[in-house]
Structures are given as C-alpha cells and as structure tokens.
Amino acid sequence: MEDHKRTTHCGALRAGDEGSRVTLNGWVHRNRDHGGVHFIDLRDRYGITQIVIGEDAPEAARTTAASLKFEYCVAVTGKVSKRLTPNPKVPTGEIEVLADSITVLSTCDVLPFMIDDKCDAKEDLRMKYRYLDLRSSSMQRKLELRHKTTFAVREYLNAQGFLEIETPTLIKSTPEGARDFVVPARLHPGKFFALPQSPQLFKQILMVGGCDKYYQIARCYRDEDARGDRQLEFTQIDMEMSFVSKDDIFSVTEGMMAHIFSSALGYELPVPFRRIPYHEALNRFGSDKPELRFDMELVSFDAFVPGCSFQVFKSVLDGGGTVKALVAKGCGEYSRKQISDLEEVAKTYGAKGLAWMKVTDDGLDGGVSKFFTDQPQDIIKSLNAAPGDLVLLVADQWQTACTAAGAVRLRLGKDLSLIQPGTFSFAWIIDFPLFEWNAEEEKWDPAHHMFTMPQKPYLSSLEEKPGEVLADMYDLVCNGYELASGSIRVHDPEIQKRIFSIVGFDPEEAKKRFGFLLEAFKYGPPPHGGIAPGLDRLVMIMAGEESIREVIAFPKNTNGISPMEDSPSVIDEAQLKELHLAVTAEKMEE
RNA sequence: GGGGGCGUGGCGAAGAUGGUUAUCGCGCCGGCCUGUCAAGCCGGAGACCGCGGGUUCAAGUCCCGUCGCUCCCGCCA
C-alpha cells in the first residue's frame, strides 16, 4: 500500500488545487468509456472525484481503465486539472484528475444491487449485503449523524459534570417487564446470566455509590417482537442524577436535546418543551405519545348523547364509557370505502366501529345523523365544524375510545398531508398513573416499574385509591414517538414496602430478585431520578427515517434474524455439553 | 398468538375478465464511440413466475396449504 497511499480524499479537491499531483483511493462508482477518452467517478466516504484517462495517458493506465468494473477498489495518481465543462451538481465538479497511473487494489463480483442513494433493493437483500449498502452516501450520512449525536451527548453531559460509567452486561435475571435474553454460565451448571433490559438497577446503585451524575451509552436487550421502531438490541442514552427533582431532569434533557440538534443537524430546538398530562394527552390526541405537528384534536361528544335517540351511544355512556369525536376538515366527500378504511383503523385498536356524519349547509347528513335531528346546529358549533367536514365518532370505554380515535386522527393526518416533514415537535408527558388495574388477575400492577416514586400529595393515601395515584414519572415524546422515559425513584424502604404490598409482590420474592438494591438502600441512599432517551429512535427521527434499522449499522430484521451472518444459529453438541444444556426444540435445522 | 401487503431473469417493476414466443428499465456479455457526468448507439445471454398440492383442455393469473420479507394489533415494567 505504501506506493499507492492516498494524499487526499475524493471529496476534497477544488479549483484552487489545479496543477497539484495527487493520489486517490476509492471505489469505481461510475465508469464511462468513450473509446478515446475514459471517465471514472471515484468514490470514497467523502465524495466523488472524476478521473480522466485521455488518449495521451500511459498505455498501462489506459489498459487498466478499460478493465475496470463497478466497485473495483483502486488507487489513482495524476494531476488535478480544471474541467472544460464543470459539473455544478457535485462539490468537486470544477476539477478532474488526469490519471497517469491506475492500480487495482481489489476486484469486485457482479453486484447484487447498485450502490446508489436511491437504492431500490428490498430491505432483506440490503441486510444480507450490508457492507455494500453501507457504501451508499445516504447510509454514510446516517452513520455520521449517529456519530455526531453520541459525540454531542458526551460533549454536553461531560460539560455538565456527568461521569460516563459502564455497567455489566452479564447480570442477574429479574423477570419483570420484558423477557430476558439469557446466557448459560459454564462454570455454574444450570445457572444463567441475563443481558440487561436496561442498566436500571445498576445506575440506581451508582447513586448510592455517590456517583451523583451518571450516564452511559448503553446497549439494552429485550426478547420481544420487533417493530419498525423496536429491535431486540438497542441503545439508550442512560442517565441518572442524585438530589434532583423532575424539573432538574427536564432541563438537563432539554439542554442535551437542544445541543444535539444544534450540533448534529444545525437545527435550533425551542426549549423548554411543553408539558402535557397523560390524561390530557389521551383526551386530546388519543395517545400517550402524541404526534403534535398537526391539530385535529379529539373532542368529547358525551353532552349530545342524552338528547339523542342512538341507543348504541347511550348504552356506552351508561356503561361508564365515552364518545369521542374527530372533525376531518374538508373530508365531507369521503366515499363509503374511505370511511370504512378509517373504521378498520379504529377496529384495530379495539373499537367496535366508527360512526360518521357529514356536515352540510343544512346541518348533518348521512351516517348516524338521523339520531341527532334535534340538535344539529349545537353539535356543529360545539365541534367547531363547517360544511364540507366529516365528523367521526368512537364510542367505547375511555381508553379504547381515545386510542382508537387517536389512531384515526394519525391516519388522517398522514392521508391529508397535515404533517410538515423535517420539523420536530417535542413534549413531556407527565402525571402518569402509578398503578394500573389488571382485570385478568384482579390486582394492581405497576404502570412503569416498582421503583417509581408516587407524587407527594398521594403519599399518605396510596392504599386507599391506588388507581388515582399519580407517579413522578415522565416520557419525552417527539413526532409521535416515545423518545425517552424516566422517573424519580423510590429511595425510602418504607414507601417501597407499601408499593410492593399494593401490587401483591411478596417481600421474600422481592428480596430474591432485588435484594441487592434493597440492601443498598439501607445505607444512606440519596434521593435520585433519571431518564433514558432511545438513541436509535432519536437518530431515526433526526434522519427523517421511519425505521430504526436505517440508523443501525448491522440491524436484525423483524423476525430477530440477521440475514448477513445468519444468526441466531444452532451450536454443536460439544458446545451444548460444555454448557450443561440440552435442546428440546421440535424444530432444529442446520 | 392474530390481521393486512408483497414474493415474476442478478436488481426493481408490468403482466383486466385463465389462452399459446412472459414485457420493460437497470445490471451482465460482445462491439462501436475523444468530453461524459444516470453518457450514447448496435447486438446478445439470462426466468422451472417463492415452494407444494388442487381445479381446468389450458394457471404467473383461480383455490388450498406452506415458507420468506414487511407493516400493524397483542407483547415491549
């Protein structure tokens, strides 16, 4: 390589470099042979530079040039020259390199797909040949954005006095929440480590250890079904602080986000972020991770039910439910088909149906309007609707009605292009309930985790009405995604005991699973709290992508498989034996 | 666990109501070409239409099953 080492890269040369002699290393991106004169677009991470092999080039260079194919890796030496016809579309478009020597560093087989920004290969093919996919400038840009983001995180938190501390990835399995990934312990037959779902317990123990400002760019593992915004393994910007209130955590997070967006994207985020109570988020937007870049808020329709003749709505209300209305501006011409598509969306989220009526100059028309003949103008006025609008109604238990209507709202927002791309709308969701009712087991479950602090006003009466207790817990949402979740933690053993007791968590069981944390809390634990923004989702949103696979170098597909190295895979008998394992699966392929 | 979409040369797609040589663009191979930059022009090769079964005189097309990818619900404290 000594002879062919690059003196500059493919995105650097400009008109001012005319006359200088350079060596470039890169890949053959395009190859245009005109018989007499031959052009090569040479590409590396930094850009593309045009190489010219003219009639007066050395014979060896001309022969080599004629043999080049896509993605050959080559070294080129020559003189920088101004182009006769500059290409304004590329930064290096004013110059070209007149090659006098071309060396093939390695050849390349016929490609499974073209390396291009607008690569149209299907995703599993891109995954299988990820190394080729990563060569495209769009993937390079996303990896760079991710790097800039983690750099900005460290830059900001370091300046705030945080310590970056690593926590173990082989830990005790505490089967709460998601399923654990498990690792057999060879030295301890029949025993297993688990991979962390998050560094939660360790970061709290770091607080007891006096590390009052901690962060970690932490890999987390959850053995659950994947989604566009969920992977088996993902990365959190894990943070925890001692002697803080919710507001301190908010302002550190806001400052960090503002710094990330400013330095990685050049986008100035307005801070502080707005705060929306959980209950209000569901009532107005039908989601605890609302998309706030358009309005079309949900409105209560309950007031019009007693005076109507629609038995379906009446019985929902009698059963303690609610009716939510949504006004789709200008959708009065929607066809039966379009409305039934929206109904399918509502049904997906558990609604039994989607009622509708159209607003006309004369009042209400079609759908369920015949049940509301007494009060059309009141309804129109109260919903702030206008002729040409479509009113959509979901009647169900509160949570179902809200989320189903919220899903329809989101669908309409997308269909009607109400969302401005390239913009970001952040908000804190606060005042989550601490407990939620588990109807199947007829008991209270922790809504978040068992170390979440109840809000102060409820401390004296936790046991009386668990369903009404609000938690010192918060989510950060952006563009309809949950970007971060956190809470102030319980550090008082007495409160902890009461919470265990309310959710029916046996003290012996607690000791077995979290004993080490509870033990630590006997030794002067500081009040503390934290938050963990998801790095993959954050970068995905900044990149304008809809899948976190686009911002992970080597992601797994939706079935939890990596098509490139074909993992997971079977292991051989000897390995199993050494681990004291026997496989009982019915299905075992090679 | 459940539902929707997709599967056609190496890649991306087209193939109404079943009908005879399965089409197009890119790529690939051969040739021509002195200024292109998504180069152009001429010629060529390449497909058991995901797999298995069925209906039919006849299936890429219809039916059943199955596998894979993808989106969503459940799940993800």
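1. Ser562 belongs to the loop that runs between helices H14 and H15. In this predicted model, is Ser562 buried or exposed? Its relative accessible area is 5%, and because the limit for a buried residue is under 20%, Ser562 counts as buried. Leaving aside residues up to four places away in sequence, Ser562 touches Pro555, Lys556 and Ser567.

2. The bond from Ser567 to Pro568 is cis, and its omega is near 0°. Pro568 lies in the loop between helix H14 (535-543) and helix H15 (573-578). A further cis peptide bond runs from Val271 to Pro272, with omega near -5°. Pro272 is placed in the loop between helix H6 (246-265) and strand S11 (274-277).

3. The division of chain A into domains should be kept in mind for what follows. Domain 1 covers 2-106, domain 2 covers 157-275 + 531-576, domain 3 covers 294-418 and domain 4 covers 427-516. Between the C-alpha centres of domain 2 and domain 3 the distance is 40 Å.

4. A sheet deserves a careful look. In what order do the strands of the open sheet of 5 strands stand? The order is S12-S13-S16-S14-S15, and the pairing is antiparallel. Strand S12 (299-300) and strand S15 (363-365) form the edges, each pairing on one side only. Strand S14 (residues 355-360) is joined to S15 by 3 bridges in the antiparallel sense, and Lys358 stands opposite Asp365 in S15.

5. A helix accompanies this sheet. Helix H10 (residues 376-383) lies across S12, strand S13 (322-328), S14, S15 and strand S16 (390-396). The direction of H10 is at about 95° to S15.

6. Met296, in the loop between helix H7 (278-285) and S12, has phi near 45°, a positive value in a residue other than glycine. Met296 counts as buried, because its relative accessibility is 12%. Asp431 also has a positive phi, near 55°, and is likewise a residue other than glycine. Asp431 is located in the loop between strand S17 (426-430) and strand S18 (435-438). With a relative accessible area of 22%, Asp431 is partly exposed.

7. Strand S21 (residues 481-488) can be considered next. Why is S21 described as largely enclosed by the rest of the structure? The reason is that 6 of its 8 residues are buried. Strand S20 (residues 473-478) is joined to S21 by 6 bridges, and the two run antiparallel. Within this pairing, the bridge partner of Tyr474 is Gly486 in S21. The hairpin of S20 and S21 has 2 residues between the strands, and in this hairpin Asn479 takes a positive phi near 55°.

8. S21 also pairs with strand S22 (residues 528-533), in the antiparallel sense and over 5 bridges. Here Ala484 stands opposite Pro533 in S22.

9. Which residues come nearest to RNA strand B, of the 45 around it? They are Glu55, His448, Arg549, Thr558 and Asn559. Of the atoms of RNA strand B that come within 4 Å of the protein, sugar and phosphate account for 56%. Strand S1 (21-33), strand S2 (38-44) and helix H2 (123-128) each supply at least two residues of the surface near RNA strand B.

10. Individual polar pairs show how protein atoms are placed against parts of the RNA. For the bases, a polar backbone atom of Asp33 is 3.1 Å from a base nitrogen of RNA strand B. A base oxygen of RNA strand B lies 2.8 Å from a polar side-chain atom of Gln50. For the phosphate, an N or O atom in the side chain of Tyr349 is 2.8 Å from a phosphate oxygen of RNA strand B.

Terms used. Residues are numbered from 1 along each chain as its sequence is written. Chains are lettered from A and ligands numbered from 1 in the order in which they are written. This is a predicted model: local features need pLDDT of at least 70, side-chain atom pairs count only at pLDDT 80 or more; totals for chains, interfaces and linings use all residues. Side-chain values use heavy atoms; hydrogens and water are left out. Two strands pair if DSSP finds at least two bridges between them. Helices (H or I, at least four residues) and strands (E, at least two) are DSSP runs, numbered from the N terminus. Contact means heavy atoms within 4.5 Å. Axes are lines fitted to C-alpha atoms, for helices over the stretch in contact, and angles run from 0 to 180 degrees between N-to-C directions. Domain bounds come from an automatic or database domain assignment. Buried means under 20% relative accessible area, exposed over 50%, partly exposed in between (1.4 Å probe, protein chains only). A residue is near a molecule or strand if one of its heavy atoms lies within 4 Å of it. A polar contact is a pair of N or O atoms within 3.5 Å; within protein, one must be able to donate a hydrogen and the other to accept it, and residues adjacent in sequence count only if both atoms are side-chain atoms.
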